[in-house]
Amino acid sequence: MAITSKLVLAAATGLYMTSTAMAVDLTVYTAVEAEDLKRYAEAFNKVHPDIKINWVRDSTGIITAKLLAEKNNPQADVVWGLAATSLLLMKAEGMLEAYAPAGVDKLDPKFVDNSNPPAWTGMDAWVAAVCYNTVEAGKLGLTPPKTWQDLTKAEYKGHVIMPNPNSSGTGFLDVSSWLQIFGEKGGWEYMDGLHQNIARYTHSGSKPCKLAAAGEIPIGVSFAFRGAKSKAAGAPLEIIVPEEGVGWDMEATAIIAGTDKLDAAKKLVDWSITKDANMLYNTGYAVVAYPGVAKPVKFFPDNLTEKMIDNDFEFAANNRKAILAEWQKRYDSKSEPKS
């Protein structure tokens with residue numbers, strides 16, 4: 001009886017060990033808003049319950065720097081939700097495993113890397129805008145800006161907050177777009193003037209708009225979807241699309257070259273481009289990769305898509321290091337402390 005019990009126990013233990021061994025842990029680096037990660041993982045696990053996602057989450061600049069620092073000893077298996085400009089940089093460094101996920105032909109082509117097979121696939125796009133608190137601005141006697149250049153006017157001194165491009169993807173798309181809109185010399189001259197009016201630089205792309213929505217600052221340079229969400233929640237915001245045009249970037253997904261969990265990584269990337277996944281992205285972004293999925297967003301500016309600049313992603317990626325070093329040298333003195 002005792003022997004039989006031991007055999008049963010051993011068999012059960014063996015079965016348990018086998019099922020446990022079948023489970024795969026994927027280390028996934030991301031800059032997706034923290035509030036969205038649980039929903040993404042839960043939806044993925046309904047299809048693949050045997051793959052556990054271990055998130056490593058931080059802002060775009062920090063995740064990008066971490067991945068580059070780990071180039072010769074990668075710790076991540078997948079990047080799910082990082083700026084395409086960052087992934088282009090890693091592609092150039094040979095850090096990504098090229099892979100064409102199942103169904104990639106269904107995506108809008110501008111959301112797919114142009115190599116065959118692609119090194120990365122896009123998820124959603126976020127677009128720059130100005131969040132303007134009409135109540136706080138009214139108390140200060142401010143007039144709404146119409147252009148980026150307007151933000152250099154003396155009336156806005158100390159009343160503007162924007163993200164630090166070294167830590168925020170939104171900050172970097174602002175800076176790289178100004179260099180494209182105004183030219184290199186004109187872009188830095190513009191930022192010199194803007195810096196005079198900046199109260200501080202944040203380490204989050206959504207924070208300037210959140211602070212404007214809360215009435216802590218009249219003007220937050222952020223992204224349009226955050227402004228629309230805050231306005232829908234009752235914040236006294238006007239979402240301004242500057243006349244010169246606005247920068248944008250996309251969140252994208254890629255497999256890190258050298259992962260020893262390639263099959264599981266491919267399953268995650270396959271799922272990341274599905275219609276179901278894009279429906280999830282649409283809860284946080286107005287523009288998504290899968291055509292026909294995006295629903296109209298209340299208060300999202302009507303003219304925003306036509307104001308999106310013809311973004312030179314290669315310029316942004318290839319010059320990223322130099323741009324960030326120059327920005328840091330000129331303006332970092334007003335950055336908030338890193339928490």
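Lysine 139 is exposed, with a relative accessible area of 63%. Exposed means over 50% relative accessible area, buried under 20%, and partly exposed in between, computed with a 1.4 Å probe on protein chains only. The structure is a predicted model, in which local features need pLDDT of at least 70 and side-chain atom pairs count only at pLDDT 80 or more, while totals for chains, interfaces and linings use all residues. Residues are numbered from 1 along each chain as its sequence is written, and side-chain values use heavy atoms, with hydrogens and water left out.

**Salt bridges**

Lysine 139 forms a salt bridge with glutamate 136. The term stands for a side-chain nitrogen of Lys or Arg within 4 Å of a carboxyl oxygen of Asp or Glu. Side chains of opposite charge can pair when their charged atoms come close.

| Salt bridge | N to O distance |
|---|---|
| Glutamate 70 and lysine 66 | 3.1 Å |
| Glutamate 136 and lysine 139 | 3.2 Å |
| Lysine 329 and glutamate 326 | 3.4 Å |

Glutamate 136 and lysine 139 both belong to helix 5 (residues 134-140), and because they are three residues apart in that helix, about one helical turn separates them. Helices are DSSP runs of H or I with at least four residues, strands are runs of E with at least two, and the numbering starts from the N terminus.

Lysine 329 and glutamate 326 lie in helix 13 (residues 320-331), where they are three residues apart and so separated by about one helical turn. Lysine 329 has 64% relative accessibility and therefore counts as exposed, whereas glutamate 326 is partly exposed at 21%. This pair is part of a network of salt bridges that links Asp192, Glu326, Lys329 and Arg330.

Lysine 66 is partly exposed, at 33%.

**Valine 221**

Valine 221 is part of strand 8, which covers residues 219-223. Its relative accessibility is 0%, so valine 221 counts as buried. Contact here means heavy atoms within 4.5 Å. With neighbours within four places in sequence left aside, valine 221 is in contact with Ala129, Trp148, Leu151, Val160, Ile161, Met162, Pro163, Asp174 and Pro208. Between valine 221 and glycine 122 the C-alpha to C-alpha distance is 24 Å, and the two are 99 residues apart in sequence.
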